[in-house]
Amino acid sequence: RWPLSAEGLIESEAVPFLENTKTLPLNKEMFYGDALVFKQLKSTRLSILNQKNNHGLELTYTGFPYMGIWAFKNADFVCLEPWCGIADSVNSSGELVTKEGITALAPAASFSRSWAVTVF
């Protein structure tokens, strides 16, 4: 995952996360330092499962190179957001044309992505 600086910028070094597991036990404290940001996704789906009753949801997405997982401090919800772009990095030039994740379109061109949620 890519940590965020106090200013909300993507740090220059990733930190190991979810090594040897596909399960992330959610808790409110994990979001005290802001969003969990992931780059270069290999997966095209993410699930949340309530272990008390086996209800949950599955988010499926394609064409999104980034994922943000976040919640407000002590919130009773979590946000799952497939992203096409991310915040500037601490090493950013500030120039839009060099910003990571920017997709340039020719005039009259279009761009689309889609995602779906299945509740169970």
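A residue is called buried when its relative accessible area is under 20%, exposed when over 50%, and partly exposed in between (1.4 Å probe, protein chains only). Lys99, with a relative accessible area of 22%, is therefore partly exposed. The structure is a predicted model, in which local features need pLDDT of at least 70 and side-chain atom pairs count only at pLDDT 80 or more, while totals for chains, interfaces and linings use all residues. Residues are numbered from 1 along each chain as its sequence is written, and side-chain values use heavy atoms, with hydrogens and water left out.

Lys99 forms a salt bridge with Asp88 (a side-chain nitrogen of Lys or Arg within 4 Å of a carboxyl oxygen of Asp or Glu), and the closest N and O atoms are 3.0 Å apart. Both residues lie in the loop between E5 and E6, 11 residues apart. Strands such as these (E, at least two residues) are DSSP runs, numbered from the N terminus. Asp88 is partly exposed, at 28% relative accessibility.

The whole structure holds 4 salt bridges. Another of them joins Asp76 to Lys28, with 2.7 Å between the closest N and O atoms. Asp76 sits in the loop between E4 and strand E5 (79–83) and Lys28 in the segment before E1, so the pair ties together parts that are 48 residues apart in sequence. Asp76 is exposed at 73% relative accessibility, whereas Lys28 is partly exposed at 35%.

A pocket is found on a 1 Å grid over the protein atoms alone, as an open set of points where a 1.4 Å probe fits, with protein on both sides within 12 Å along at least five of seven lines; lining residues have an atom within 4 Å of a point. The second largest pocket contains about 200 Å³ of space, a volume being the space filled by probe spheres set on the grid points, which are joined across faces, edges and corners.

The largest pocket has a volume of about 1,300 Å³. Its lining consists of 31 residues, and Leu18, Lys22, Thr23, Leu24 and Leu46 lie nearest its centre. Strands E1 (36–39), E2 (45–49) and E4 (66–70) each supply at least two residues of this lining, with E2 giving the most, 5 residues.

Strand E2 also holds Arg45, which is paired with Glu58 in strand E3 (residues 56–62), 13 residues apart. The two side chains meet in a salt bridge of 3.9 Å, N to O.

Notes
Helices (H or I, at least four residues) and strands (E, at least two) are DSSP runs, numbered from the N terminus.
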